[in-house]
Amino acid sequence: MLMAENAAPRPWEVDGEEKRRRVRRMFADISPTYDLLNSAMSLRLHHRWRTDAVEGLRLLAGDVGADLCCGTGDFGRPLRDAVSPSGRIVGVDFCMPMLQIALKKPYAMGLSLGDAGAVPLRSSSFDAVTVGWGLRNVPDMGAALSEIVRILKPGGRFVCVDMARPKSALLRGLSHFVFNMAVPAMGSLFGKREAYTYLPKSTDRFTTREGLAEAMRGAGLKNVRYEDRFFGNICTHWGEK
Ligand SMILES: C[S@@+](CC[C@H](N)C(=O)[O-])C[C@H]1O[C@@H](n2cnc3c(N)ncnc32)[C@H](O)[C@@H]1O
């Protein structure tokens, strides 16, 4: 009892600067196995979701794209395909060990250490911004959305892919079981149970698909739309500056 009372709060139980610190430490800790577990948990479908997300951005050869909270850089492949070798893509993340893995990927992506709440990129300079499984992790989603709008060119497009809760009660129950039991168990195999408990817990705390759409509109994006993937466990939102 005494131990439970004195135990440090877990990453999904904190907010603000403490969340920022804990989240960064957590991703540093799981960086070596991040790609492997990502593919295992999504049955490798995350590559398809990324490609779909980028297709909705209508990028052209020579365009300029930014991937915020880029992690190990897997948005690099669809972005590079979309902008062709003549385009430019840059990834930003605040966790050096994740960026070090991104650096080894063959997508010719510029990488920058930086925070989604204060993005180290010029205003009105990007045709598109992607964020994959990132907004759920930032301490201030409104600040991150403002930064996204700031760096987009007028008419530039934004896409966010993140976890969601299925709309049907039956699927929600099933997902709750899978994500709260199977995913942490998978993490345990690598000694990372807490980090993989963070996934369902942070999903439960994350805004709804409608809430995110509203926040995007509030930040100044228009033509906001969203589509579910993976039985409603993933939702992709697009918007335009
Ligand atoms: C779940 S991973 C997603 C990585 C990558 N976008 C992907 O699609 O696989 C979340 C990433 O967001 C980064 N992140 C979380 N909060 C951040 C913040 N405030 N600023 C920058 N990066 C952040 C983490 O370091 C981590 O690499």
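Strand β4 is mostly covered, with 7 of its 7 residues buried. Strands here are DSSP runs of E with at least two residues, helices are runs of H or I with at least four residues, and both are numbered from the N terminus. A residue is called buried if 20 or more other C-beta atoms lie within 10 Å of its own, exposed if 12 or fewer do, and partly exposed in between, the C-beta atoms being placed from the backbone. The model is a predicted one, in which local features need pLDDT of at least 70 and side-chain atom pairs count only at pLDDT 80 or more, whereas totals for chains, interfaces and linings use all residues. Residues are numbered from 1 along each chain as its sequence is written.

Strand β4 belongs to an open sheet of 7 strands with mixed pairing, in the order β3-β2-β1-β4-β5-β7-β6. Strands β3 (109-113) and β6 (222-229) stand at the edges with a single partner strand each, so one side of each has no neighbour in the sheet. Two strands count as paired if DSSP finds at least two bridges between them.

The pairing around β4 can be followed residue by residue. Strand β1 (residues 64-68) and strand β4 (residues 126-132) run parallel and are joined by 4 bridges. Across this pair, Gly 65 is opposite Ala 128 of β4, and Ala 66 is opposite Val 129 of β4. Strand β4 also runs parallel to strand β5 (residues 152-163), to which 6 bridges join it. In that pairing, Ala 128 has Arg 157 of β5 opposite. Strand β1 is mostly covered as well, 4 of its 5 residues being buried. Strands β1 and β2 run parallel with 5 bridges between them, and Leu 68 has Val 92 as its bridge partner in β2.

Which residues of the largest nonpolar core touch the most other members? Of its 60 residues, they are Leu 68, Val 129, Ile 148 and Phe 158. Such a core is a set of buried Ala, Val, Leu, Ile, Met, Phe, Trp, Tyr and Cys residues joined through C-beta atoms within 7 Å. Setting aside residues up to four places away in sequence, Ile 148 touches Leu 68, Val 129 and Phe 158, where contact requires the C-beta atoms, placed from the backbone, to lie within 7 Å.

Helix α4 (residues 76-83) is mostly covered too, 6 of its 8 residues being buried. These are Gly 76, Pro 78, Leu 79, Arg 80, Ala 82 and Val 83. Their cover includes α3 (46-55), β1, β2 (88-93), β3 and β4. Ser 84, which follows α4, has a positive phi near 65°.

Asp 93 is located in β2 and counts as buried because 25 other C-beta atoms lie within 10 Å. Apart from neighbours within four places in sequence, Asp 93 is in contact with Cys 69, Cys 70, Gly 71, Met 98 and Leu 99. Cys 235 is located in strand β7 (residues 234-240) and is buried, with 22 other C-beta atoms within 10 Å. Its contacts, not counting residues up to four places away in sequence, are Asp 162, Ala 164, Arg 209, Tyr 226 and Asp 228. Cys 235 and Arg 209 are 26 residues apart in sequence, and their C-alpha atoms are 7.0 Å apart in space.

Positive phi values also occur in the loops. Leu 43, in the loop between α2 and α3, is not a glycine but has a phi near 55°. Leu 43 is exposed, since 9 other C-beta atoms lie within 10 Å. Phe 231, in the loop between β6 and β7, has a positive phi of about 60° although it is not a glycine. Phe 231 is partly exposed, with 14 other C-beta atoms within 10 Å.

Of the 22 residues around the ligand, Cys 69, Gly 71, Cys 95, Ala 116 and Gly 132 come nearest; a residue is near a molecule if its C-beta atom, placed from the backbone, lies within 6 Å of it. Helix α2 (residues 16-42) gives the most to this shell, with 4 residues. By class, the shell has 11 nonpolar, 6 polar and 5 charged residues. Here Ala, Val, Leu, Ile, Met, Phe, Trp, Tyr, Cys and Pro count as nonpolar, Asp, Glu, Lys and Arg as charged, and the others, Gly among them, as polar.

Conventions: Contact = placed C-beta atoms within 7 Å.
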